[in-house]
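Subject: Structure handover

Hello,

Here is the structure I said I would pass on. My notes on what was found follow below it.

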Amino acid sequence: MNGNGDLLFYRFDDSGRIPPVVSVLPASIAEFTPTLFGLKQHAGSSLIFLFWYVFTRGKYRIFYGLDTNGETVHYSVVLPKFFKFPFMRGEDLEIGPCWTHEAYRGKQIYPVVIAHILNRFRKEGRSFFMLTHRENRASRRGIEKAGLLLWGSGGKSRWLGIYRVEAYREHF
């Protein structure tokens, strides 16, 4: 296990309340469904997206926060259960990785998009998970503003990058 407890695991389930989160941006939120030849819409390497496409059988989604000019200022990936998340159940979803353009950070875009995802995919019996590094205070604040609760801590194995929860909420 790498990082021994360096990751915090957040959880939201169907009994939770999604708090209203307000931001002037993004102007719109677009849902992207991948195809083998269209794995994402933003710049950068497609290798991890190809990995997700293969192992989720194309079932991941990307939510893009767009400014008034249609430019991407944020994205959040939504992943279904697969081998990297052994703590999840069949209908559960993991949100992340997420990214916000530097010029737009601190404008509540991150929690607005997370709340949108929770509303979009919420259903009875489904839990949502998000992971972040313990030191990433900005990410932790955004996750908590969207209504997710600290659920555990853990790490990621060096081999295959499997996420393991080592301590659950009752230990906090």
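The lining of the largest pocket draws at least two residues from each of these elements: β1 (2–13), α1 (47–55), β5 (93–100), α2 (109–121), β6 (127–133), α3 (137–145) and β7 (149–156). Please keep in mind that this is a predicted model. Strand β5 contributes the most to that lining, with seven residues. In total, 37 residues line the pocket, and its volume is about 810 Å³. Nearest the pocket centre are Cys98, Tyr110, Thr132, Asn136 and Ser139. By type, the lining residues comprise 17 nonpolar, twelve polar and eight charged.

Strand β5 also holds Pro97. The peptide bond between Gly96 and Pro97 is cis, with omega at about 10 degrees. In the loop between β5 and α2 sits Gln108. Although Gln108 is not a glycine, its phi is positive, at about 70 degrees.

Next, the surface. A nonpolar patch there is formed by Leu36, Phe37, Leu47, Leu50, Val54, Phe55, Phe83, Trp159 and Leu160. Together these residues have about 1,000 Å² of accessible area. One of them, Val54, belongs to helix α1.

Phe83, a member of that patch, comes up again among the aromatic pairs. The whole structure has 20 such pairs.

Last, the charged pairs. Side chains of opposite charge can pair when their charged atoms come close. How many salt bridges does a search of the whole structure find? The search finds six. One of the pairs is Glu31 with Arg120, where the closest N and O atoms are 2.8 Å apart. Here too, distant parts of the chain are linked: Glu31 is in strand β2 (residues 28–32) and Arg120 is in helix α2, 89 residues apart. Helix α2 is also among the elements that supply at least two residues of the pocket lining.

Regards

How values were computed:
Residues are numbered from 1 along each chain as its sequence is written. This is a predicted model: local features need pLDDT of at least 70, side-chain atom pairs count only at pLDDT 80 or more; totals for chains, interfaces and linings use all residues. Side-chain values use heavy atoms; hydrogens and water are left out. On a 1 Å grid over the protein atoms alone, a cavity is a set of points where a 1.4 Å probe fits but cannot get out, and a pocket is an open set with protein on both sides within 12 Å along at least five of seven lines; lining residues have an atom within 4 Å of a point. Grid points are joined across faces, edges and corners, and a volume is the space filled by probe spheres set on the points. Helices (H or I, at least four residues) and strands (E, at least two) are DSSP runs, numbered from the N terminus. Ala, Val, Leu, Ile, Met, Phe, Trp, Tyr, Cys and Pro count as nonpolar, Asp, Glu, Lys and Arg as charged, and the others, Gly among them, as polar. Patches are made of residues with over 30% relative accessible area and no salt bridge: like charges are joined within 9 Å, nonpolar side chains (Val, Leu, Ile, Met, Phe, Trp, Tyr) within 5 Å. Accessible areas come from the Shrake-Rupley method with a 1.4 Å probe; for residues, only the protein chains shown count as cover. A salt bridge is a side-chain nitrogen of Lys or Arg within 4 Å of a carboxyl oxygen of Asp or Glu. Rings of Phe, Tyr and Trp (its six-membered ring) pair if their centres lie within 6.5 Å; planes under 30 degrees apart count as stacked, over 60 as edge-to-face and the rest as tilted.
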